[in-house]
Amino acid sequence: MSASSDMPIFNPAFETASREQIRARQLELLKEQIQWIWDHSAYYRPKLEAIGFEPGDLKSLDDLVRLPFTDKSALRDTYPYGMFAVPMEQVIRLHASSGTTGKPIVVGYNQHDIEEWRLCIESVMQMAGVVPGDRVQMAFGYGMFTGGFGLHYGAEGLGCMIIPAGAGNTERHLMQIADYGTTVLVATPSYAMHICEVGEQQGFDWASSTLRVGLFGGEPCPPALKAEIESRMHIFCTDNYGLTEVMGPGVSGECLVSRNQQHINEDHFFWEVVDPQTGEPVGEGEIGELVLTPLQKQAFPVLRYRTHDLTRVTTEPCGCGRSTARMDKIRSRTDDMLIIRGTNFFPSQVEDVLAQIEEVSPIYRIEVDNETGLDRVTLTLELENEVFTDDWREIEKYRKMIIRRLHDVLQFNVVLKLVNPGQIERTTGKAKHVLDHRR
Ligand code: DLL
């Protein structure tokens with residue numbers, strides 16, 4: 001598929017409008033959303049009253065900064081239904097996100113929200129080059145996770161044939177791709193990589209398969225992993241972002257032109273990028289924490305949601321024809337940061353080093369412990385098939401080279417384990433790259 005600008009655009013009247021028109025429409029929507037919240041949200045109304053803010057006070061998009069942020073703790077404290085803004089009889093779907101500790105957070109959708117979600121998914125699918133008639137195989141789980149059902153209805157809405165396979169059962173996925181003529185695979189990038197590897201082991205001929213597009217999301221998709229999947233599966237992959245608290249998938253999607261950036265569905269989400277420490281806005285193009293305010297939610301509206309995801313946003317027009325803002329692919333979260341002997345580091349720094357080293361695959365596992373009294377980082381990597389050897393001298397040579405390259409960036413030495421291809425455990429959903437065993 002060529003990265004051309006002649007692919008259909010889902011909502012051209014909005015997605016190709018001028019920045020002024022986009023902001024004007026966002027202001028209209030934001031006013032309506034604040035009014036909705038004022039009239040319906042028992043959670044937010046007292047908070048707005050407490051700061052003396054009334055819906056009529058929102059005169060420009062900049063006035064939004066007067067309103068408080070919302071963090072995950074608010075969703076935990078009000079578990080399960082305390083932030084719902086419609087009568088429970090009108091809620092037709094629940095989803096939840098497990099998080100790492102404590103109770104899950106629960107979100108709800110009414111008929112309007114489900115419809116709005118479908119539109120958002122249709123839009124990101126079109127960005128990825130998915131067209132009516134495509135055969136879309138779902139490898140996200142159907143369950144409380146928003147990935148499966150969210151993308152499912154968008155694919156149907158677009159006029160695709162959905163193959164609701166779900167997560168897991170990799171051999172069946174391969175059989176379905178071959179027998180049903182699948183053209184689009186929807187998965188986490190780590191699970192897509194696993195499907196690719198299992199296929200290769202079984203002699204699956206990716207080059208002549210019908211598969212054309214990998215629509216990925218739910219976890220970071222480092223450029224090196226994406227490039228590897230694209231060349232081995234002979235497909236074109238796009239990265240898609242979203243989170244349960246504001247909807248699920250459908251917040252932003254990658255088009256065929258600006259690789260590694262994603263167009264935000266700005267008619268559904270107002271974005272801000274703030275300094276994670278101070279909460280103050282950063283300048284356009286600077287990295288900070290993404291803050292999202294859904295513009296058209298009814299059952300579960302949230303104001304200024306702190307995503308903890310780090311990115312930067314540009315409003316420069318894109319070669320695909322869209323003028324909606326583009327966010328850089330999310331590589332890390334504010335809470336991903338590890339402190340090792342007083343030094344901060346993000347797993348994405350390791351990914352960046354690995355991307356420069358041809359001999360290792362982009363799949364990795366970081367384990368941190370302090371059994372010896374000092375923080376210790378053990379990094380497990382797989383050598384690529386082509387360089388794998390039984391000659392320990394060769395392996396030692398790679399080990400030293402990789403430790404040195406990592407030290408240059410991280411400023412500390414890691415314990416490096418080089419293992420056979422396929423040794424690091426694969427998952428069918430979101431990969432867990434970091435295990436912190438410190439107490
Ligand atoms: O992962 C929603 C989703 C499903 C998006 C399928 C795309 C495709 P949660 O389970 O609530 O929702 O997790 C949200 O996952 O705050 C990010 O940290 C991370 N995340 C999601 N998509 C991406 C991505 C779904 N494309 C959290 N790149 C978010 C990097 C992502 N991180």
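Predicted model: local features only at pLDDT ≥ 70, side-chain atom pairs only at ≥ 80, totals over all residues.
## Basis

Local features need pLDDT of at least 70, side-chain atom pairs count only at pLDDT 80 or more, and totals for chains, interfaces and linings use all residues. Residues are numbered from 1 along each chain as its sequence is written, and side-chain values use heavy atoms, with hydrogens and water left out.

## Ligand shell

## Polar contacts and cover

A polar contact here is a pair of N or O atoms within 3.5 Å. A ligand nitrogen atom is 2.7 Å from an N or O atom in the side chain of Asp239. A ligand nitrogen atom is also 3.1 Å from a polar backbone atom of Gly218. On the Lys430 side chain, an N or O atom is 2.7 Å from an oxygen atom of the ligand.

On its own, the ligand has 600 Å² of accessible area, and the protein covers 93% of that. Areas come from the Shrake-Rupley method with a 1.4 Å probe.

Helices (H or I, at least four residues) and strands (E, at least two) are DSSP runs, numbered from the N terminus.

## Helix pair H10 and H11

The axes of H10 (residues 347–355) and H11 (residues 392–410) come within 10 Å and cross at roughly 135 degrees. H10 is therefore oblique to H11. Axes are lines fitted to C-alpha atoms over the stretch in contact, with angles from 0 to 180 degrees between N-to-C directions. Under 35 degrees is roughly parallel, over 145 roughly antiparallel, 65 to 115 roughly perpendicular, and the rest oblique.

## Backbone exceptions

Most residues other than glycine have a negative phi, and most peptide bonds are trans. The Tyr79 to Pro80 bond is cis, with omega near -5 degrees. Pro80 sits in the loop between helix H4 (72–77) and strand E1 (93–97).

Asn169 has a positive phi, near 55 degrees. Its loop runs between strand E4 (161–163) and helix H7 (170–180).

Technical notes:
Polar contact = N/O pair within 3.5 Å; in protein donor to acceptor, adjacent residues only side chain to side chain.
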